[in-house]
Amino acid sequence: MELYLPKDPLNIVICGVGGQGNIVASELLASALVNKGYYTTVGETYGASQRGGSVMSHVRISTIKQCGPLVPLKEADIIVGFEPIETLRIARDYGNPQTRILFEPRPNYPLGVLLGESLYPNIDDIEKELGELCGTVQLIDATKIAIEAGNPQAANITLMGALTALPEIPLANTDYDQVLQTRFSGRVLELNQKVFAMGYDLVNQG
Amino acid sequence: MEWMITADEPGKTYLLQGNEAMARGAIEAGLQFAAAYPGSPSSEILTMLGHVAKDMGFYAEWSTNETCSFEACMGASMAGVRSLCIAKQNGLLVMGDALHTAALYGCKGGVVLIVADDPSAHSSTNEFDARHQARSASLPLLEPATFQEAKDMIKYAFDLSEELQQVVMVRGVTRIHHGRGNVTLGELPVSKSPLNDKPSQIENWDKLFAINFFHDAMYDKLNRAQASFEQSPFNWYRGPKDADCVMVVSGMGWLYGEEAIDTMKLNDQVGILKLGCTWPLPEQFIVRHLVGAKKVLIAEEVDPFLEQNLANIIAHHPELNVEMYGRYQARAFPHSKELTPDLVINALADIMQIELAPKPGVNIEPERQVIIPPRELTFCAGCPHRASYYIFKQALGLQAHGGLIMGDIGCYTLGALRAGHYGVNSMGCMGEGVNMGEGLGQLTRFGFDKPVMALAGDSTFFHSCIPGLINAKYHNSNMLFIVLDNAATAMTGFQPHPGIGLTAMGDPAQPISIEKVVEALGCPVTVADPYEIEKSIAVIYKLLKEPGLKVLILKRDCATLTMRKGPKRRVWVDTDLCRGDDCGCGRYCSTTWGCPGNIWNSTKKKAEIDEVVCIGCGVCTTLCPAGAIKIEGGEE
Amino acid sequence: MPGGIELKTEVLNSSACTLCGACLDWCPYLKNLEDNLVMPFACSVQDGRCYSICPRTFTDWQEIKAAVFQSASGTLELGTFTAVYKVRSVDSLNGQQDGGTVSRLVKTALEEKEAQAALLTASDDNITPASMLATNAADVEKAAGSRFLVAPGLRKINEAAQKGIEKLLVVGRPCQVQALRKYQMKTGNSPMQVLSIGLFCMWSLSWTFKDYLEKTYPGIIIDKISIPQHGVEIASSQGTKVLPTEKVKEYVQPGCSYCLDMTSELADISVGAFEAEAGWNTVLVRTPRGAALLQKAVDKGYLTLEEYPEQQLQGLKRASLNKKARNLKFIKDAVDNGSLKAFIDLSQPEYEQILAQAEGTVNS
């Protein structure tokens, strides 16, 4: 099988908040890539937070060698954000004018915002700054889609559908489906296949 | 994934987590016995092994603490079986005495001790460097640099351990343990257990005595390990012969170092000496590759361990004449925190006097930047610990002189932060709370007038609190010891413990009741539900009035367990009743309770429930002074 | 207007709180158990109801007096009253203190629909106070007798208002009647009408007194506590114990030492002991509603009245004046040394008069 990457290594940063399932999402993506024959390295930063803290995964894809588990600063090619302010935080550190961003606009409020001590920024302002920092920015209403499909927890797979549809990712939607089938079964599998397709179509058509 | 670590598919490549790779490596090595206490980032190893143990014909247990796990492995080894012990850096120190004495008599069946260090302390209170313990106990030490090595080294370590009759330590770091990469599987073992052929492995004259008589023998083993390391496939040199500059790397230093050299296209100028065997160091191998070098950049995780041992070798070899750059005196890398690719690139560029091109990026003036609120760690929606700290704050608020809370290690450690209203006065290591509380509680006799409380989780209780509790009881310290029993070792990922009634291999076990253990010590024990806020406050208030040692168990399942169990009850806000920002509330549910499920709609000026994260515990319905928060099945 | 944080610093942290309870059960930030009232979590509300109804935050008492009593004339010592009687119940009630007058007035009010509920303080063990909303005779009987430990009974006004009670009778200590009047000013358009029976009160005790009794007389079961002239009498399973008043005063609620009101001067009707003769009460009638309630109780044959002896009235005035003068000095000292924020206008001539007259009494 011919391996091809538009850039080697291809660096993806997936970020969000603990409990949103982005670790699982990045693992599924990387598994699909390894199954295709790519060297793939995943570095996960989640610390002590089962939930509630900032979480990010770095996925680095290469046809040549096993990369280190961290993407150097400013060298993300794609950022997938599960939460708006986390996306912006990561875009400032890892984004560059060529970086492509997919992000979920639904906020997950940090404690300081809940307690009324800090304000959650306006989504339009976040999107605007993301646009200034990076190349293209696309909003993906993943949670909304997942709720429509039956369970908000599936938002992570929705975003993976959107990511897989990007031309840079050397995967067909069927490649990802194989991995879903090894990991899930029954109704959970059906739900994940459904939201994956919805996320995929959103980017593929748009 | 379980099926990947047991797949009989030699040569097949899968994406494996470092922990999975190590588990696979142990299975390939013919592991017979595995024991550990959970600790991030190592916990997944034994979880995986436990799940497959029955199918693969070995034994695995979640031991009650790290000393138990290590000594159990030494016991099993005495019968000739290969035993794997896994711990995080703190756990290694817990078993410190056992480790040092075991090193004196050594092992029979191979014993491999995997220690997961946590540089930058992502999921720890500290970033202690475990490697010092290997040197201190005179144990051979290996450090995997890739996910493939994480697997391969385990088999190598077992073989070495049996060859030397000595425990071998393998030190990983978070980026290996919690990273993932391509791993090509090896052969599964053919023969299962040495006990099958010879059930009575241990002769009556087999005795393991830790006596100083063996000190020389211990050194002899170390010397043999060194000889073996001179030939080890885990040490290699890549680069030009007689390079002026050589990077000496271990662990993550390899991938970052390689990336730095490749990025700056220095392959013709800079050599890289990668060491997988870091104690004792393969002296001849190192001298051979450094003899022409003028500058050495040492990239390793946490302490300048490799660097100082290298300095020792250099001091003994006048033919070496190098300048060293590493963690020592922060000459190349900071004293603390983990390596990053940028740190390594910058350090190498500095030494090579290369000016790096500025990275592409847009600079937005600070005043035009969106203000991003910090994301503090907090308890999950519905977490019983949030309720507990809310209770503590009020119960101690009602005391004339406040009070002290001696914390411990678990999810509830987050109570030290705003999530727990900065609720603890100490948090350090496991089992510490009850002991520090005991000490403070003895000061009443000198007029110390603050009530003292000490915390422990259920798993921590079994791990390290029982001797402390006995001490506090025997000396009748004025203290309230509180067990936050959420029926889970939640922080590390829900490993079973002796109170749960399940083993690592999925077998049922007779659960040990914390309440009964406490009662058996003669301590008065009260059980309360942290979800019942007012009742629990009154209970603590009453207990603090009583002299001597009191024990309270605040019992409520972890919210994540509750969520997994099934459909949740819907919670909503009756906006007609909600007082919002006005007096008589001042949006109490969000500003004070602080559960991620209780959000504030700043447009409507009313409270709301985030139904995606709410688990339906209903505690906030009891806190709303207006009764505006409603729960399905609750009072209308 | 100030809010919760100011209440915390000016009242709670200054030990000025009387534990009237007016601020509780409305506000989630204020927490009470036994005689502790604290604010563990910071309240950020600017204009706090707690602050505006607390009897220990600055108040224009003249304005309140003018609103309660259309004519603000009154005596310096006992405030405004239209009549004073020596009163006792016709039949004696189990557990009653002195003349049993309060219980009969409450019973009358409930029977005559002057009140749908009465806010009373009962006790299961004859010492630990428990506030309740009484709606029938049995409840009233349960609450018979005096309670000497502080209890934040006024918290129940919030429950009463939430229950939609339109006519409420409150039996309370002087500070509670003060808070009640401030509450009425604050919630002026509330549909709930409140009638108040004020109790005479020299001071109330903190709950440590209970601990003291239990420690001194282990296992004691208390039948009744009373305070005759010679000390504090505890009738109990272990016989009658008499404690010197000075000993008991060690346990006085700190906030009571700033109290200038012995006879519940803002109540509709005030009731206390009649010192000269056991089995009788002193009753000061202050408002027409108070007078009407007393008249109904007499008409129903529950109470009998007698003319109040002038000599006793002078004694009562002297006792009240002494309390006022003593505590006024405490207030002044505390304000001067910065440990208390003045909750009264110390420049009012009334306070000068109190000190002058008390001085004269002592001298004469």
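The model is a predicted one, in which local features need pLDDT of at least 70, side-chain atom pairs count only at pLDDT 80 or more, and totals for chains, interfaces and linings use all residues. Residues are numbered from 1 along each chain as its sequence is written, while chains are lettered from A and ligands numbered from 1 in the order in which they are written.

Let's start with who touches whom. Two residues count as in contact if their C-beta atoms, placed from the backbone, lie within 7 Å. Of the 2 pairs of chains in contact, A and B share the most contacts. Here 50 residues of chain B meet 51 residues of chain A. On the chain B side, at least two residues each come from strand E1 (13-17), strand E8 (180-184), helix H12 (253-263), helix H15 (341-351), helix H22 (588-593) and strand E21 (598-601). Helices (H or I, at least four residues) and strands (E, at least two) are DSSP runs, numbered from the N terminus.

Now for chain C, which has 12 helices and 13 strands. Its radius of gyration is 19 Å, close to the 21 Å that the globule rule gives for 364 residues, so chain C is as compact as a globular protein of that length. The radius is taken over C-alpha atoms, and the rule is 2.2 Å times the number of residues to the power 0.38. Of the 364 residues in chain C, 49% are buried. A residue is buried if 20 or more other C-beta atoms lie within 10 Å of its own, exposed if 12 or fewer, and partly exposed in between, with C-beta atoms placed from the backbone.

Back in chain B, helix H13 (residues 283-290) has Phe285(B), Ile286(B), His289(B) and Leu290(B) buried. Seen down the axis of H13(B), its buried residues fall within an arc of 115° (that of the directions from the helix axis to the C-beta atoms), so they line one face of the helix. Their cover includes strand E10 (245-249) and helix H14 (305-315) of chain B. By contrast, Ala330(B) is exposed, with 11 other C-beta atoms within 10 Å.
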